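Work through the exercises below with the sequence and the 3D structure open beside you. Try each task before reading its solution.

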Number of protein chains: 2
Amino acid sequence: MAKHDRHNAIRELVASAAIASQDELRRKLVRRGFDVTQATLSRDIHELSLYKGPNGYAMPNGNGNGDHEDDLPSIREVLGGFGLKVKQAQNQLVLVTTAGSAQPVALGIDHEDWDEVVGTIAGDDTVLIICPDMKRASRLRERLDEMIG
Amino acid sequence: MAKHDRHNAIRELVASAAIASQDELRRKLVRRGFDVTQATLSRDIHELSLYKGPNGYAMPNGNGNGDHEDDLPSIREVLGGFGLKVKQAQNQLVLVTTAGSAQPVALGIDHEDWDEVVGTIAGDDTVLIICPDMKRASRLRERLDEMIG
DNA sequence: CGCCCCTATGCATAAAAATACACTATCATG
DNA sequence: CATGATAGTGTATTTTTATGCATAGGGGCG
């Protein structure tokens with residue numbers, strides 16, 4: 001099948017030179033013996049998950065692959081499942097979770113976009129939550145406590 | 001100037017949601033109070049060096065292709081590339097970065113040896129910066145903000 | 001063989017992004 | 001204050017990319 005070889009050729013070209021448009025890519029491919037149209041390249045580029053940036057097309061480096069987003073469990077579920085306890089120190093809360101779950105829990109909290117939260121940092125089993133002030137820290141502590149319980 | 005704020009808004013939107021076209025970005029910006037045209041966004045996207053891939057626009061994460069890579073990048077470049085926003089809570093600053101870049105960013109800040117910085121802790125996409133007092137925290141916040149923009 | 005289904009592709013065209021040009025506001029300077 | 005340089009933007013247009021529709025070439029199978 002020509003398609004497969006063409007995909008390989010595209011990968012190589014894209015990895016080795018800056019290619020600014022599908023038409024430029026097309027011309028380079030023609031020189032290598034692949035005579036296809038821009039429409040086909042548009043599809044190929046999708047199939048290969050190539051990215052286009054300031055320097056032309058690029059391979060889906062580090063990033064790229066899996067696109068799983070959305071439908072994450074509710075913060076309540078997460079906390080109920082992994083949250084162990086919350087403690088307060090001035091405007092900061094320290095949330096202890098089961099081992100290894102701090103990261104996802106912090107992510108969940110971030111996504112809530114609460115205005116009691118300035119930001120979170122997660123280690124392995126501890127999430128540090130920074131609040132704007134003690135008052136809001138207390139309020140959040142109560143809420144989290146209730147969710148954990 | 002509104003441009004600066006708009007750039008920040010674009011970074012955040014792009015980092016948090018899948019945006020498939022400049023027109024979609026435009027609609028989201030309008031809801032946030034930025035009323036601009038697609039032409040302007042095309043320029044903004046260039047200025048911000050955003051990439052477009054299968055999942056819409058994205059921040060210029062560790063993409064490794066390109067040519068410009070001289071010495072170690074200045075803290076200014078790092079923040080310009082990966083920093084999203086800074087928030088202050090008393091004597092602490094919370095710096096939100098693109099996913100996975102908090103660690104290097106924190107390293108860069110540490111290396112600056114600023115006297116507004118007592119220390120930093122980095123998670124995945126958040127750096128916590130501890131300052132000696134509110135006054136210096138504010139000063140640093142302004143400086144970082146300016147670097148991000 | 002004749003028929004159906006499926007993949008790959010081209011052509012024409014729609015949709016999206018980039019850009020040429022013009023206008024305005026700002027700012028430093030003579 | 002006039003003047004000229006400059007940045008930011010919008011409008012109209014061009015260029016680039018994506019896609020709807022149709023066709024050609026393979027299999028598989030009755």
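The exercises that follow concern helix packing, a salt bridge and a chain interface in a predicted model.

**Exercise 1. Find how helix H2 and helix H3 of chain A are oriented to each other, and which residues make the contact.**

Solution. Start with the geometry. Helix H2 of chain A covers residues 22-31 and helix H3 of chain A covers residues 38-47. Their axes are 9 Å apart, and the packing angle is about 105°. Next, classify the angle. Angles of 65 to 115 degrees count as roughly perpendicular, so H2(A) is roughly perpendicular to H3(A). Then list the residues. H2(A) contributes Gln22(A), Asp23(A), Leu25(A), Arg26(A) and Leu29(A), while H3(A) contributes Gln38(A), Leu41(A), Ser42(A) and Ile45(A). Last, sort them by class: four are nonpolar, three polar and two charged.

**Exercise 2. Describe the packing of helix H4 against helix H5 in chain A.**

Solution. In chain A, helix H4 spans residues 75-82 and helix H5 spans residues 102-112. Their axes come within 10 Å and cross at roughly 155°. An angle over 145 degrees counts as roughly antiparallel, so H4(A) is roughly antiparallel to H5(A). The crossing of H4(A) past H5(A) is left-handed. On the H4(A) side, the contact uses Ile75(A), Val78(A), Leu79(A) and Phe82(A); on the H5(A) side, it uses Val105(A), Gly108(A), Ile109(A) and Glu112(A). Sorted by class, these residues give six nonpolar, one polar and one charged.

**Exercise 3. Carry out the analysis for helix H4 and helix H5 of chain B.**

Solution. Helix H4 of chain B (residues 75-82) and helix H5 of chain B (residues 102-112) have axes that come within 10 Å and cross at roughly 155°. H4(B) and H5(B) are therefore roughly antiparallel. H4(B) passes H5(B) in a left-handed crossing. The contact residues of H4(B) are Ile75(B), Val78(B), Leu79(B) and Phe82(B), and those of H5(B) are Val105(B), Gly108(B), Ile109(B) and Glu112(B). The class count for this contact is six nonpolar, one polar and one charged.

**Exercise 4. Which parts of chain A does the salt bridge between Asp44(A) and Arg6(A) tie together?**

Solution. First check the distance. The side chains of Asp44(A) and Arg6(A) meet at 2.6 Å, N to O, and the cut-off for a salt bridge is 4 Å. Now place the residues. Asp44(A) lies in helix H3 of chain A and Arg6(A) in helix H1 (residues 2-16) of chain A, so the pair joins parts that are 38 residues apart in sequence. Over all chains, the whole structure has 14 salt bridges.

**Exercise 5. Characterise the interface of chain A and chain B.**

Solution. Count the residues: 26 of chain A are in contact with 26 of chain B. Then take the area. The two chains bury about 2,000 Å² between them, with 56% of it on carbon and sulfur atoms. Tyr51(A), Val118(A) and Ile121(A) supply 27% of the area that chain A buries against chain B, more than any other three residues. Finally, look for salt bridges across this interface: there are zero.

Terms used
Residues numbered from 1 in each chain as written. Chains lettered and ligands numbered in written order. Predicted model: local features only at pLDDT ≥ 70, side-chain atom pairs only at ≥ 80, totals over all residues. Heavy atoms only, no water. Axes fitted to C-alpha atoms, helices over the stretch in contact; angles between N-to-C directions. Helix = DSSP H or I, 4+ residues; strand = E, 2+ residues; numbered from the N terminus. Parallel < 35°, antiparallel > 145°, perpendicular 65-115°, else oblique. Left-handed = near helix turned anticlockwise from the far one by under 90°. Contact = heavy atoms within 4.5 Å. Nonpolar A, V, L, I, M, F, W, Y, C, P; charged D, E, K, R; others polar. Buried area = accessible area lost by both parts, 1.4 Å probe.
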